[in-house]
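Opening the notebook on this one. I want to look up an annotated site first, then how the chain is divided.

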Amino acid sequence: DWNSENVIETQVARIREQVGSARVISALSGGVDSAVSTALVHRAVGDQLTAVFVDHGLLRKGEREQVERDYVESTGVRLITVDAAGTFLRHLEGVTDPEQKRKIIGREFIRAFEKVQRDLVAEAAASGGEPVKFLVQGTLYPDVVESGGGTGTANIKSHHNVGGLPEDLDFELVEPLRTLFKDEVRAVGRELGVPEAIVSRQPFPGPGLGIRIVGEVTRERLEILREADAIARAELTAAGLDGEIWQCPVVLLADVRSVGVQGDGRTYGHPIVLRPVSSEDAMTADWTRVPFEVLARISNRITNEVREVNRVVLDVTSKPPGTIEWE
Ligand code: XMP
């Protein structure tokens, strides 16, 4: 019967057989699937694998550190981080349309990743070492079966999809999670020592905080949202609600201002929206009945600790008709 040790053993043997002595590249997104598939391939072929992490500047607080420090420490994976925040922000300047944002972020992600790929391929060729021939993908069983589903799945794919690679690079895919469901992937990840913060992470969209700022994405706005999001996440976790909540987007209405009062002064700040949802598969969702005391704590902390935010509102819309994300 199923256990994660068997899965690891079987997959390690398969990966070794597929890859031989060639080199392998993997894109880490900070999410569960890419983290576990990468760790599994690393277990199989060690330093033949290079993982690439593109920091697009749209990550949540602490996520880069979780990958760069915690993940690397616990798995031993060799990692290249690409600091692309400046480039992404430049391309997002003046853009407010959600689909436009998605397109730009997806395109820049592929560009950044391809650049590293090319460098690695060229480096291997120049040093006369083993060629870079394989690309890891965290495809799960449900992706294989339904291939598509929500916008999320489609987009995750376009980010890491081999279709986005330049034609002169000929990569073969390594997909060690193809037979697994999400909970099985988590079990395998724990067994491989992937940090719990990554293994138990809620779904987070590829375009990151870029589609949780309604309005133009700027460095300042990202900073505001990052702080508010970190507070909401910490309080929901502290209240023991992680199991009940599928995900909780925290959204900054950057183009809306409302009047408030703080100390003896009038404020004119932005609202933050909390969007906690319960769901099985993100296709439909209901808003989670988070206890009032927890909502009160989140609201107090955000309005006290995050400058520019003077109001916290709760989204009580199911999906449909609302989507989970606001953009
Ligand atoms: P919606 O907002 O369509 O979201 O109800 C359904 C699920 O998909 C995630 N999502 C995305 N994931 N790229 C992604 O990788 C995207 O562009 C994207 N848009 C939405 C969302 O977080 C939810 O889990």
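Which residues does UniProt give for the feature "binding site"? The unreviewed entry places it at Ser-29, Gly-30, Gly-31, Val-32, Asp-33, Ser-34 and Ala-35.

Ground rules. I number residues from 1 along each chain as its sequence is written. The model is predicted, and local features need pLDDT of at least 70, side-chain atom pairs count only at pLDDT 80 or more, while totals for chains, interfaces and linings use all residues.

I picked Ser-34, which sits in helix H2 (residues 32-45); helices are DSSP runs of H or I, at least four residues, numbered from the N terminus. Is Ser-34 buried or exposed? Ser-34 is buried because 24 other C-beta atoms lie within 10 Å (buried means 20 or more, exposed 12 or fewer, partly exposed in between, with C-beta atoms placed from the backbone). Leaving out residues up to four places away in sequence, Ser-34 touches Ala-27, Leu-28, Ser-29 and Gly-138; contact means C-beta atoms, placed from the backbone, within 7 Å.

Next I checked Ala-35, also in helix H2. Ala-35 counts as buried, with 28 C-beta neighbours inside 10 Å. With residues up to four places away in sequence not counted, I find Ala-35 touching Leu-28, Tyr-71, Gly-189, Val-194 and Ile-198.

Last, the domains. I have domain 1 at 4-199 and domain 2 at 212-314, bounds that come from an automatic or database domain assignment. Their C-alpha centres lie 29 Å apart. Domain 1 puts 13 residues into the contact and domain 2 puts in 10.

Note on methods:
UniProt positions are given in the numbering used here, feature names are shortened, and annotations may be inferred rather than shown by experiment. Helices (H or I, at least four residues) and strands (E, at least two) are DSSP runs, numbered from the N terminus. Two residues are in contact if their C-beta atoms, placed from the backbone, lie within 7 Å.
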